[in-house]
Amino acid sequence: SLDTKQPDYDVLIIGAGLSGCYACYRMRQLGVKVKVLETGSSVGGTWFWNRYPGARFDCESYTYGFFFSQDVLDEWKWSEHFAPQEETERYIRFICDKYKLWEDMQFNTRVTRAHWQADDCCWKLTDQSGRIYTSRFLITGIGLLSEPTLPNIPGVNDFQGEAFHTSRWPENVVDFKDKDVGIIGVGATAIQIIPEVARTAKSLTVFQRTPNWAIPLHNSKIGPDEMETIRKGYPELLKKIDASRLSFMHEGIDDSIWDATPEEREAFWELMYAQPGFGFWISNYKETLTDLKANALVSDFVAKKIRQRVKDPWTAEKLIPKTHGFGLRRVPMETHYYETYNQPNVRLVDLLETPVDRIKEDGLQTSQEEFKIDAIIYATGFSAITGAFEAVDFRGDDGTRLLDQWKEGPRTYLGLTTQHFPNFFMSIGPHQAYGNIPRSIEYAVGWISECIEYLMQHHITCIEPKEEWVEEWTEHVHDIGKDLLSNTVDSWMTGVNKNLAGKQKRTIARYSGSALDFRSRCNAVAAAHYDTFTLK
Ligand code: NA7
C-alpha cells in the first residue's frame, strides 16, 4: 500500500483501553478511516488485564466513567460506589456495543514497531506476525501502568507451582483453598488482593519490602434510588470535578494545619478517615503534602490507626512506613487490609530485615527461613509511565528512536506530542496531568481529535512540535514538580522500578500542576492554531 502513497488508514490507534475506545469513537465522529490495534483479546486495557480478585476502582465509579455521552450517562447504572473490575470491563464493552466500535478494532495484535516514513508522510506499523499497517496519524493509548515487571529475585523461573502476576491474571477463577500462598509486594494492587486471597487460602505469607500508608475505601452498594440521584447530579458533579486540581470529586482545602488545635486536628482526621474514597488524602490540611512537619503529624495519625487495627504489635510496627510520609506515594485504598493480619492463616515477612535469597522449585528462601509455597502472586508493579513506550520500537524522522530521545527522562510537548515524531499523539503519555485518569483521557483525546480535525480541514498532512517548545514544556514540568514532597520519594510516579537496571534514578515524569492549568495551556495552543508546531 505504500506504493500508492495513500496510507491504509487516516488514523491508527494502539490500545483498546479507555483511551483507544474513546479515540476510536472520536475518529468515527470525524468520519476518518480508523483502526485500533490491541494486544489483548478484547477491550478494557487496565480493566481487561487486571482481573485479580479484589480489583476495583479506588475512585468513585460515577466520576471514573466517561462523560462524553449523555446517552451513556442516562443508561448506565453503577452498582457500587467503587466498582469492581468485572463491572468496569462490562461498562467498557457496553460503550463499544453502543457505538459499534468493535468494527474498527483488531485484537490479539501486538504492535512491535512503529516507524515514521518521511517520504510518504505516514506511520508504518508492524505487528508480532509481521503484518504491516500504515496511517497518516498515530494515537497511542498504551497506558501508564501496562507493562508488568517481575521481581529481580534469582530463581523466578525455577518455581514449579502456580505463579501469577496480578496484571496478567487468568480469566478462570483461581482456587486457593488448601494452598499455601505467597505474595510479593504491598502496593495498591497487593492491598486489594491480600484480603481476598486470605479469605480462602490455607496460608498466606506476605513478603513486604517497603510498607505503604493505606486508608479505608469504605465501599458500598448503590441502590436504584441512589443511582437516580447520582444521575440527576451529573452536571453538578462534572463541574466540581472540572474545577478540582486532580479531577476527583474530592477537592483540596485551604485550611492550615497550624490554625487547628491538636484536638481539632484529631477530630477532623477521625471524620475524614471514616469517609469513603480519597478524601483523607486530597481534602486534608493544605500543608500535609508540602511541609514535612505537617506530613509527620498526619502520618502519626494513620500510624495510630494501624496500631489500633493490627493486634500483633510486631506486625503493626512493620506495616508502618518509615521511609516516606503519608500521601507521598500513591495511597492504596483498603477494605479490611489491616485486620487481615489478625487472621491466623496470614503472616507478614519483612524483606528488609530478612532479605529474600532466591525463589526455588517449591517456595522461597529468605536469609532466615525457607517457605514452602504452592502458589506465588507477584503484585510487583509495572515499568510505569514510559514502560509501554519502551516496549514498542518507535522511530521518528531520520530514524530517531523514542528510547534514545528519552534516555534522560521523557521530553514532550504538552505530554501529547514529542519532537522528531510527526503526526504522533499520546493519550496519557508522560508529562500529563494524571489524577483521575479517565478525565485526563477524555481531555487528551478531545484535544488530539480537534487537532486532527483542524489539520484535515486545512489540508495539513504533517504536524510536529517545534524543538524550543518541547524544551520549554519539559522545563516547565520539571519546575512545577521540583518542590513536591512526592517527587522526593521512590515510587512508580517518580519512574523508579528497582527491578529494572535503567530505572533506578528518579525522574519527573508526570505533570504535577493542576488539571486546570494543564488544560488551559493546551487550550491556548489550539486557540493559537498550533503555531508552536511546524505544520506542512
Ligand atoms: P506498585 O505500587 O509499584 O507496587 C509494587 C510492589 O511490589 C511494591 O510493594 C514493591 O516494593 C514490591 N516489589 C517490587 N519488586 C520487588 C522485589 N524484587 N522484592 C520485593 N518486593 C518487590 O504496583 P501496584 O500494582 O501495586 O500498583 C500500581 C498502580 O496501579 C497503583 O499505584 C494504582 O495507581 C494502580 P517497593 O515499594 O519497591 O519496595
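**Definitions set against values**

Modeller: Histidine 218 is found in the loop between strand 10 (215–216) and helix 7 (224–232). Helices are DSSP runs of H or I with at least four residues, strands are runs of E with at least two, and both are numbered from the N terminus. This is a predicted model, in which local features need pLDDT of at least 70 and side-chain atom pairs count only at pLDDT 80 or more, while totals for chains, interfaces and linings use all residues. Residues are numbered from 1 along each chain as its sequence is written.

Biologist: What is the mean pLDDT of the protein chain?

Modeller: The mean is 96, and 99% of the residues reach 70 or more; pLDDT is the predictor's confidence in each residue, from 0 to 100. The model also scores ipTM 0.99 and pTM 0.97.

Biologist: How many C-beta neighbours does isoleucine 428 have inside 10 Å?

Modeller: Isoleucine 428 has 29, and therefore counts as buried. This residue lies in the loop between strand 18 (424–426) and helix 16 (437–457). Phi of isoleucine 428 is near 60 degrees, again a positive value in a residue other than glycine.

Biologist: Why does leucine 204 count as buried?

Modeller: Because leucine 204 has 27 C-beta neighbours inside 10 Å. Leucine 204 belongs to strand 9 (residues 203–208). Its C-alpha atom is separated by 9.7 Å from that of isoleucine 376, 172 residues apart along the chain.

Biologist: What joins strand 9 to strand 12?

Modeller: Five bridges join them, and the two strands run parallel. Two strands pair if DSSP finds at least two bridges between them, and strands 9 and 12 have five.

Biologist: Why is strand 1 (residues 9–14) called largely enclosed?

Modeller: Five of its six residues are buried, so strand 1 is largely enclosed by the rest of the structure. Strand 1 pairs in the parallel sense with strand 6 (residues 132–140) over five bridges, and leucine 12 stands opposite leucine 138 there. On strand 2 (residues 34–37) the pairing is also in the parallel sense, over four bridges, with isoleucine 14 opposite leucine 37.

Biologist: What is the handedness of the crossover from strand 1 through helix 1 (residues 18–30) to strand 2?

Modeller: This β-α-β crossover is right-handed. The term applies if, with the strands pointing away from the viewer, the path from the first strand over the helix to the second runs clockwise.

Biologist: How many residues of strand 6 are buried?

Modeller: Seven of the nine are, so strand 6 is largely enclosed by the rest of the structure. Strand 5 (residues 122–127) pairs with strand 6 in the antiparallel sense over four bridges, and lysine 124 has threonine 134 as its bridge partner. The two strands form a hairpin with four residues between them, and glycine 130 in the turn has a positive phi of about 90 degrees.

Biologist: Which residues come nearest to the ligand?

Modeller: Of the 21 residues around the ligand, Pro151, Gly185, Gly187, Thr189 and Gly381 come nearest. A residue is near a molecule or strand if its C-beta atom, placed from the backbone, lies within 6 Å of it. Helix 6 (residues 188–200) gives the largest share of the shell, three residues.

Terms used
Buried ≥ 20, exposed ≤ 12 C-beta atoms within 10 Å, placed from the backbone.
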